[in-house]
Amino acid sequence: MDLKISSTLSINADKVVTGRTCVIGQSGSGKSYTVSVLCEELAKNNIGFCIIDTEGEYFSLKEKYPLLWVGSDANSDLSIENTDLIKLATTAVEKGVAVIFDVSEVSDPKEYVGEFCSALYKIESKLKKPFLVIVEEADKFVPQTGKVVKEVEEISRRGRKRGLGLMIATQRPALVNKNILSQCNNQIIGRLTIQNDIDSVKIFFSKKKDLKALPELSPGEFFVQGDLSSSQVVKVRMRYTKHKAVTPKLVAKSAIKIEDLSVIQKEITTNIEHGVEAELEELKEMIIPPLITKEVAYDKIERRKKYYIFGPEVKISDFYLQLHPVYYCTVRYLKKKWIGTEFEDIHTYFDGLSGDVLGLKSGFKIKRELKEFMGLNSGSLRIFDKLSNSKRSLTVDELAKNTNYTESTVRESLKTLYDEGLVSSSRFGRHLYYYAMTKSKLPDIEKLAHPVIDLEERRIAANKTDFSIDLKDIREFLKALGDKVELTEYKKVYYPFYIAKVTGYKKLKKIKIDAVSGKVI
Ligand SMILES: Nc1ncnc2c1ncn2[C@@H]1O[C@H](COP(=O)(O)OP(=O)(O)O)[C@@H](O)[C@H]1O
Ligand SMILES: [Mg+2]
């Protein structure tokens, strides 16, 4: 399938949807215009995508195309504050719906974007259906200095394998996180005049002459290159829909709505309208018993609400117990003693959503982030372990000798690690040398030990979150920690949180209270 972006150039839809593309150009160069043209083409071809709209300027696409506009405007299809983002992500990916995720009016866009991207990533880990995330003003969400929205980074590094592509637009490429920028295999680059910015896109140009042409480009003129096309300047075609419409009311009212749109709207909103209470079920589960009563937790929120964060006119619209999935594992391994060796058992807890190691002694705490290692087989993890503990980069040959794997196994593992963004390589002489891309390391098995905590089998009214990490992944992970490491026993248990939904004038906020420690999270 082709996307016609100019009278002279059509680009391959697959390359855009599952690739990593940057759209770069100073203010007024025509980035948003170009992104809108791409959105028109995607929508025309019924390809699912989501545009993170920071300016509230994309709703006019609805003049012609059935996009779902999630925002704060009275005319948006769904209110962003009241939308269940997991449902939204699931619907968007499953049905290939195009979404305008309009964060122009929310006070904490990064939080919303993080939550939505995380939901998209999770659902894509299962469905692997091609879907594109477009992020406007990428310098705000994934800056070079300061906190990046790690969910966007995650999509950049590991989305491709899941069918999830990323397109970032920015007027200040010099301020975008370099790792994320350098991963863009597709580039659409327009007028730039600030030297720092020109320098930061040098990596994408093989000819000095092209780089020198950047300040001379007119609005709508862009270099299109990378995997999209052989490097060339094109004048992006005119939009079919209005650019920067200023009267959202008129546009939204004249919008064509797909039949499905109202159904989708309903599906996504019912949960909120009827309140979560209606869905609460009496469950019989193995849980870590809450120490804080519902009343105490409720009181905490009431007090907090009165004294800071919120204004006076807010209220708690919903309050319930949420059970969070945890794997409780018993692991046997060979421990070195003063004399000889001996089998030893330890207990450890893994987060059922991320795979991270948990410390639950005094409240819910992530002790060790392992998210990025989940889903890999023990072979790949061993190879990674060797690389991350080596002072220099290693060749395939050296890795094979080091691990006793065959060269072809090593190569296969390296490919997986490469796809996951965990290793990279550089050529030196005749050989490729591999190195770890992240500072995280596999932990020492003994560091996972956790004292046993009390569990209770309870019938309790609560909402339950499903496990999304497979036990198989935990098993593979443990196997990678040593030759004789084995998962001997496990239980699926739940950790309790109280959730309060607090509505203010325009915003809905979720507050989480650890039901064991009483800490507000
Ligand atoms: N391909 C194009 N064809 C015609 N006009 C364009 C094109 N691209 C940009 N423009 C003009 O340039 C203006 C700025 O474009 P815009 O995409 O909003 O810039 P920015 O890079 O700041 O997002 C638009 O309002 C439009 O008038
Ligand atoms: Mg713009």
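A: A polar contact is a pair of N or O atoms within 3.5 Å. The model shown here is predicted.

Q: Which side chain has an N or O atom 2.8 Å from an oxygen atom of ligand 1?

A: That side chain belongs to Ser-32.

Q: How much of the accessible area of ligand 1 does the protein cover?

A: On its own, ligand 1 has 560 Å² of accessible area, and the protein covers 75% of that.

Q: How many residues surround ligand 1, and which are the closest?

A: There are 15 residues around the ligand, with Gly-28, Lys-31, Ser-32, Tyr-33 and Val-236 the closest. Helix H2, residues 31-44, gives the most to this shell, namely three residues. Sorted by class, the shell has eight polar, four charged and three nonpolar residues.

Q: Where does the second largest pocket lie?

A: Rolling a probe the size of a water molecule over the atoms shows where empty space is left. In this structure, the second largest pocket holds about 470 Å³ of space. Domain 2 (274-369 + 443-514) and domain 3 (378-436) both give residues to its lining, so the pocket lies between them.

Q: What lines the second largest pocket?

A: Its lining has 21 residues; Ala-480, Leu-481, Gly-482, Asp-483 and Val-485 lie nearest the centre. Helix H13 gives the most, with four residues. By class, the lining has eight nonpolar, eight charged and five polar residues.

Technical notes: Residues are numbered from 1 along each chain as its sequence is written. Chains are lettered from A and ligands numbered from 1 in the order in which they are written. This is a predicted model: local features need pLDDT of at least 70, side-chain atom pairs count only at pLDDT 80 or more; totals for chains, interfaces and linings use all residues. Side-chain values use heavy atoms; hydrogens and water are left out. On a 1 Å grid over the protein atoms alone, a cavity is a set of points where a 1.4 Å probe fits but cannot get out, and a pocket is an open set with protein on both sides within 12 Å along at least five of seven lines; lining residues have an atom within 4 Å of a point. Grid points are joined across faces, edges and corners, and a volume is the space filled by probe spheres set on the points. Helices (H or I, at least four residues) and strands (E, at least two) are DSSP runs, numbered from the N terminus. Ala, Val, Leu, Ile, Met, Phe, Trp, Tyr, Cys and Pro count as nonpolar, Asp, Glu, Lys and Arg as charged, and the others, Gly among them, as polar. Domain bounds come from an automatic or database domain assignment. A residue is near a molecule or strand if one of its heavy atoms lies within 4 Å of it. A polar contact is a pair of N or O atoms within 3.5 Å; within protein, one must be able to donate a hydrogen and the other to accept it, and residues adjacent in sequence count only if both atoms are side-chain atoms. Accessible areas come from the Shrake-Rupley method with a 1.4 Å probe; for residues, only the protein chains shown count as cover.
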